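Please view the sequence and the structure together before reading on.

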Amino acid sequence: MSTRPLIAALAVVGLVSAGCGSGDNSSEAASAATVASTIGDAAASPADCPPADGTGTQTRQFDAPPPDCLTPGVTYEAIVTTNKGELTILLDPDSAPVATNNFVFLARNGYYDDTPCHRIIPGFVAQCGDPTGTGTGGPGYTIVDEPPAPGRYQIGSIAMAKTVQPDSGGSQFFIPTGSDGAALPPEYALFGQVTAGLESTVAAMAAAGTPGDGVPSEPIQIQSVRIVET
C-alpha cells in the first residue's frame, strides 16, 4: 500500500502513483443519516463538534472520524489566509457531505492553521493540508470516498486527496491550478470551489510550483482557515 498521497497519474507531469491523499492512516444530501452511514459507527459523539467560531485551541490528532457537525440549509464558506493572500472557498455539502463536514470539523479545531502546501506542480495542482509537510500526515482517521460525476473538476475546485487505497482521505486536499488538474479522473471528493482569490492568491501559490514531486520553490503556508455560515 502506498502511504504517500499523490495525485492520479498523468503522463504529462510524469507522476507515477495512481492516488492522491492523506497518508498512512488506515451522497447527495448533507444530513446526519448520510454522514453517519458513510463514516460508520466509529464516528465521534455529536458533543465533539467544535463551536461555530472555532475551539480557540489547535487539535491535530483524533481518535475517530467527526460526527455530523453541519446544519442542513446553511451555506458554508471557508476564508483561507495564506502567506500569499486570502482566498474564499464556497463549500458544497450537497455533493460531498462527508468531505465538507470533515473539512469544517478540522478547520474549526484549528487543524489547518500554520500548515504548508507541500506539493505544487505547474499547470496541475496545489496540494495542502498535511501539518508534517511530508505528504504522509493525517488526522488519525480516514473518511469514505465520494467521487463526483465526470467532468466536474475546474481550475479552483477543492477536492480531497487520497492514496491508491479506497476510503483513504483524511485532511489533505488539492486545488487544480491548470487544465491538467481539471482533467483528473473523478476519483476525489469535490467539496468546494474558490470564489475569490483565484487569480491572485491561488495564482501566486501556483507560481511556486516545480516539476516532478512539486516541492515548492518557496514556502507556501496556510496561516488560518475560518468557517463562515450564512
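## Strand pairing in the sheet

Strand β2 (residues 85-91) and strand β8 (residues 190-196) run antiparallel and are joined by 4 bridges; strands here are DSSP runs of E of at least two residues, helices are runs of H or I of at least four residues, and both are numbered from the N terminus. Within this pairing, threonine 88 has alanine 196 of β8 as its bridge partner.

This is a predicted model, in which local features need pLDDT of at least 70 and side-chain atom pairs count only at pLDDT 80 or more, while totals for chains, interfaces and linings use all residues. Residues are numbered from 1 along each chain as its sequence is written, and side-chain values use heavy atoms, with hydrogens and water left out.

## Helix on the sheet

Helix α4 (residues 198-206) packs on the sheet and touches β1, β2, β4, β5 (125-128), β7 and β8, where contact means heavy atoms within 4.5 Å. The direction of α4 makes about 110 degrees with that of β2, the axes being lines fitted to C-alpha atoms, for helices over the stretch in contact, and the angles running from 0 to 180 degrees between N-to-C directions.

## Glutamine 223

Glutamine 223 lies in strand β9 (residues 221-229) and counts as partly exposed because its relative accessibility is 36%, a class between buried (under 20% relative accessible area) and exposed (over 50%), with a 1.4 Å probe and protein chains only.

Leaving aside residues up to four places away in sequence, glutamine 223 touches Thr81, Thr82, Asn83, Asp113 and Asp114. Although asparagine 83 is 140 residues from glutamine 223 in sequence, their C-alpha atoms are 6.8 Å apart in space.

Notes. Two strands pair if DSSP finds at least two bridges between them.
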